[in-house]
Amino acid sequence: MTDTDLAIDVRHLAKRFGDRKVVKDLTLQVPVGQICGFLGANGSGKTTTIRMLCGLLTPDDGEGTCLGLDVRRDAMKLRTQVGYMTQKFSFYEDLTVAENLEFVARLYDIPNRDRAINEMLDRMGLVDRADQLAGQLSGGWKQRMALAACILHQPKLLLLDEPTAGVDPKARREFWDLIHEMAADGLTVLVSTHYMDEAERCHRIVYLADGRLIVQGSAEEVVAQAHISTWRATGHGVVEAAKLLRDAPGIESVAAFGQALHVSGTDRDAVAHALEPLQGRDDITVEETEPTLEDVFIHLLAASGTKTEHAA
Amino acid sequence: MISWKRFLAMLHKEFLQMRRDPGTIALTLAMPLVQLFLFGFAINADPKFLPTSLVSGDHSAYERTLTQALANSTYFRFHGPIGEEDAAKRLARGDAQFTLTVPPDFARQIDRGERPSVLLEADATDPSAIGNALAAITAINPTVLNRDLPDVLRAAPVKPPFDVVVQRKWNPENLTAYNIVPGLIGTILTFSMVVVTALAVTRERERGTMENLLAMPIRPLEVMLGKIVPYIVVGYVQISLILVIAALVFGVPMRGSLLLLLLGLGLFIAANLSVGFAFSTLARNQLQAMQMGVFFILPSILLSGFLFPFRGMPDWAQWIGEMLPLTHALRLVRGILLKGNTLADAAPHLWPLALFVFVVGAIAIRNYRETLD
Ligand SMILES: Nc1ncnc2c1ncn2[C@@H]1O[C@H](COP(=O)(O)OP(=O)(O)O)[C@@H](O)[C@H]1O
Ligand SMILES: [Mg+2]
């Protein structure tokens with residue numbers, strides 16, 4: 001793979017706020033046309049990393065390029081080719097949808113402005129809402145408008161920071177269909193998310209914990225790399241059993257999935273041993289299962305902090 | 001029913017929040033202190049030692065005794081003797097408050113009992129600055145010259161052996177509107193320009209739209225100019241309104257060049273906008289921006305010579321006053337509007353404004369970040 005095939009190619013990025021290191025030694029490569037999912041607990045440094053990638057924050061350490069442009073030196077040029085959708089809605093709530101798009105179009109000096117705006121409104125299904133104030137849109141429509149504004153200048157790299165937080169499932173699905181459509185046309189997308197179904201729709205997943213890149217790869221690769229063993233317990237007794245299991249040696253995470261309990265750990269024998277007391281009970285059935293991506297992330301979350309209780 | 005516990009919970013929360021925002025507390029405590037200090041020490045509505053140019057007629061003993069007596073009243077501080085033209089210039093530029101002109105044959109006329117007149121020209125553009133001084137000179141002791149007078153003339157005079165002719169220049173009717181109008185132009189511009197710009201930029205930051213703006217290809221100077229230009233227009237509309245009303249309703253004269261006035265005020269607007277922009281780079285939210293604005297405006301109004309005569313303030317207050325754009329704007333507007341100042345007369349008030357714009361603007365631009373760092 002040559003360097004020009006990499007839309008993002010950064011090495012050893014680091015960022016401090018005061019004396020707190022928020023991003024540590026982060027090396028990341030994303031090939032052109034891929035959708036890369038950015039995962040990690042709140043405060044793990046996702047937003048900070050994304051801001052460094054688009055030149056909004058200057059890295060304290062490390063270097064690299066986005067779209068072949070140096071993230072330190074070519075920040076201004078980079079801005080014309082990157083679309084960045086902020087975590088918090090950051091367009092003008094006192095302007096209408098169309099006015100917001102027009103402002104963006106003027107800033108980027110987009111040719112045939114009116115046509116470009118109308119096409120975008122049409123594509124995003126925003127035509128009926130063009131004259132509504134952005135502040136009065138519901139969450140899903142706001143995200144759509146923000147996305148429309150971010151891709152209006154036809155960026156080659158799209159950075160989306162939790163674009164679907166607080167958006168209903170149908171709107172989320174449509175949002176992702178759009179992203180896949182654009183990726184098929186050669187757009188590279190880096191998207192941070194907390195949703196597993198979204199992570200599974202990414203070509204590649206990057207997991208951050210406490211500012212450090214922990215794992216990356218396709219969903220299958222990430223699951224394989226985690227080296228965890230997972231058991232699934234079902235039955236009436238699981239709620240009360242969960243309390244006992246949480247403190248048992250060898251068990252690193254316990255998570256409830258509806259009526260079932262997923263119990264994971266890196267040491268297969270230790271987990272099996274810890275589960276022995278449940279084997280004989282008639283109100284609980286225990287069986288080993290393939291770990292899912294979600295099991296892996298719950299495990300990673302638990303490993304990066306204390307054991308966490310997690311309800312999916 | 002009001003619950004004591006819920007009330008305490010609320011009270012507790014408010015105190016916690018108050019502690020998180022020390023700026024507001026500091027301001028609410030500092031504000032009365034500053035006011036007390038300024039009103040108590042700085043502001044003196046009875047200005048003394050007003051600079052007075054002496055245009056000497058005959059350098060006689062009478063003249064010396066007269067100026068000595070006036071100086072002793074503590075209202076006048078003499079400069080000179082200087083030439084007539086110089087004195088006129090000093091008065092026009094505001095370097096002097098009065099010109100005292102003694103006629104050439106003052107001593108001879110007195111000796112002959114002819115009651116000569118001395119002329120006191122006063123810069124009356126701010127009536128409150130000269131009121132007490134004028135009262136002092138008209139109440140001058142009739143026997144002031146007795147020591148020097150020949151015996152025949154000395155016999156218990158009821159009037160001094162000379163006349164004082166007072167000429168209130170530029171505002172003969174002593175109208176306070178003449179002072180209020182320049183003051184209003186200045187204070188209104190200060191208030192709206194500083195606060196509005198500070199808020200306009202801080203609002204972007206507070207609402208999170210700044211991040212988006214920074215992520216797009218736009219330069220700081222473009223943001224700054226784009227924000228500021230609309231308010232420059234607003235500022236000029238305000239000026240025009242005040243000037244039209246001043247002329248039509250209050251009959252304030254427009255003696256100087258309107259163009260010069262508008263250009264000079266442009267500099268003043270720029271000074272205020274640079275302050276507003278500098279505040280916006282420091283303030284984290286709109287409330288702080290507003291507080292900083294108030295903190296700037298209050299001393300501007302009190303120490304610029306608008307509400308209280310500039311020369312009535314102690315030196316340290318005058319020093320602060322000299323650093324405020326409003327002080328120079330007031331002199332500029334009074335000079336051009338009321339005295340018909342030309343560019344040369346106005347220059348001493350223009351360059352401090354330009355310097356202010358340069359320094360504060362540089363600070364603002366230095367503080368403005370193109371990134372979120
Ligand atoms: N401007 C800033 N100043 C100080 N600390 C910050 C700043 N931005 C982020 N942080 C801190 O850095 C850490 C990482 O934040 P962030 O990158 O937003 O994480 P994430 O997006 O993964 O939730 C957090 O603990 C946050 O409090
Ligand atoms: Mg974030």
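This is a predicted model: local features need pLDDT of at least 70, side-chain atom pairs count only at pLDDT 80 or more; totals for chains, interfaces and linings use all residues.
Where does the largest share of the side of chain B that touches chain A come from? Helix α9 of chain B, residues 209–215, supplies it with 6 residues. Sorted by class, the side of chain B that touches chain A holds 7 nonpolar, 4 polar and 6 charged residues.

Charge also shows up in the pairings, as the count of salt bridges between the two chains is 2. One of them joins the side chains of B:Arg207 and A:Asp94, at 3.8 Å from N to O.

Now for the interface as a whole. The size of an interface is often given as the accessible area lost when the parts come together. For chain B and chain A the buried area is about 1,800 Å², and carbon and sulfur atoms give 57% of that. On the chain B side, B:Glu211, B:Met216 and B:Pro217 lose the most area to chain A, and together they make up 31% of what that side buries. In terms of residues, 17 from chain B are in contact with 21 from chain A.

Over to the ligand. Ligand 1 has a run of chain A residues around it, including A:Ala41, A:Asn42, A:Gly43, A:Ser44, A:Gly45, A:Lys46, A:Thr47 and A:Thr48. A:Phe17, A:Arg20 and A:Val22 are also among the residues around ligand 1.

Which elements of chain A each supply at least two residues of this shell? They are β2 (20–31) and α1 (46–53). The biggest giver is α1(A), with 3 residues. By class, the shell has 3 nonpolar, 6 polar and 2 charged residues.

| Backbone side | Ligand side | Distance |
|---|---|---|
| A:Gly43, polar backbone atom | ligand 1, oxygen atom | 2.7 Å |
| A:Ser44, backbone N or O atom | ligand 1, oxygen atom | 3.3 Å |
| A:Gly45, polar backbone atom | ligand 1, oxygen atom | 3.1 Å |

As for cover, ligand 1 on its own has 560 Å² of accessible area, and the protein covers 66% of it.

Methods. Residues are numbered from 1 along each chain as its sequence is written. Chains are lettered from A and ligands numbered from 1 in the order in which they are written. Side-chain values use heavy atoms; hydrogens and water are left out. A residue is near a molecule or strand if one of its heavy atoms lies within 4 Å of it. A polar contact is a pair of N or O atoms within 3.5 Å; within protein, one must be able to donate a hydrogen and the other to accept it, and residues adjacent in sequence count only if both atoms are side-chain atoms. Accessible areas come from the Shrake-Rupley method with a 1.4 Å probe; for residues, only the protein chains shown count as cover. Helices (H or I, at least four residues) and strands (E, at least two) are DSSP runs, numbered from the N terminus. Ala, Val, Leu, Ile, Met, Phe, Trp, Tyr, Cys and Pro count as nonpolar, Asp, Glu, Lys and Arg as charged, and the others, Gly among them, as polar. Contact means heavy atoms within 4.5 Å. Buried area is the accessible area (1.4 Å probe) that two parts lose on being put together, summed over both. A salt bridge is a side-chain nitrogen of Lys or Arg within 4 Å of a carboxyl oxygen of Asp or Glu.
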